[in-house]
Amino acid sequence: MNLFIGCSASDYIPSKYVLDCRKFLEGLFEYGHDLVFGGSESGLMGLAYNIALEKGRNIKAVYPYVYRDGVKNLECEKILTNTINQRTERVIQFGEGGFLRGFISFSYPLPIPPPAADGRCSDCRPGRCSG
């Protein structure tokens, strides 16, 4: 299965989150899943890329023209888009497994926030969640 993993390209992520993500990603790729991601060598994107590469998985980097310099050294299939919005559309198109919300999809992914009293996720605010 092609898993679209949306995550941060920032290198300023607390180490405890990086370690948790590493364990989680190693497990995913051990089960034979392939990676579709936003194409960056840094942050959690770089971590996902490196683990998928170590495990011999197929990798698709979908990146907008403005970030083209960030994919030069990646050893994978590279899919260029014109805009960031087009990148989002393409990674969703290629990612059969969907977006891993709440774990590695945000800059500071753990812990997953508990539900609010009304049953919606505590991250629900205009423009952030459709729940």
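Tutor: We shall go from the overall fold to the aromatic side chains. Please note that this is a predicted model.

Student: How much of the protein chain is buried?

Tutor: A residue counts as buried when its relative accessible area is under 20%. Of the 131 residues in the protein chain, 41% are buried. The accessible surface comes to about 7600 Å², and carbon and sulfur atoms contribute 51% of that surface.

Student: What share of the contacts joins residues 24 or more positions apart?

Tutor: Among contacts with a separation of 6 or more, that share is 61% in the protein chain.

Student: How many aromatic pairs does a search of the whole structure find?

Tutor: The search finds one aromatic pair. F37 and Y49 form this pair, with 6.0 Å from centre to centre and 25° between the planes. The pair counts as stacked because planes under 30 degrees apart are classed that way. F37 belongs to strand β2 (residues 34–37), whereas Y49 lies in helix α2 (residues 43–54), twelve residues apart.

Student: Are F37 and Y49 buried or exposed?

Tutor: F37 is buried, at 0% relative accessibility, and Y49 is also buried, at 5%.

Student: Which residue lies over the face of Y65?

Tutor: That residue is R68, at 3.9 Å from the ring centre of Y65.

Notes: Residues numbered from 1 in each chain as written. Predicted model: local features only at pLDDT ≥ 70, side-chain atom pairs only at ≥ 80, totals over all residues. Heavy atoms only, no water. Buried < 20%, exposed > 50% of the residue type's maximum accessible area, 1.4 Å probe, protein only. Contact = heavy atoms within 4.5 Å. Areas by Shrake-Rupley, 256 points an atom, 1.4 Å probe, with all protein chains shown as cover. Phe/Tyr/Trp six-rings, centres within 6.5 Å; stacked < 30°, edge-to-face > 60°. Helix = DSSP H or I, 4+ residues; strand = E, 2+ residues; numbered from the N terminus. Lys NZ or Arg CZ within 6 Å of the ring centre and 35° of its normal.
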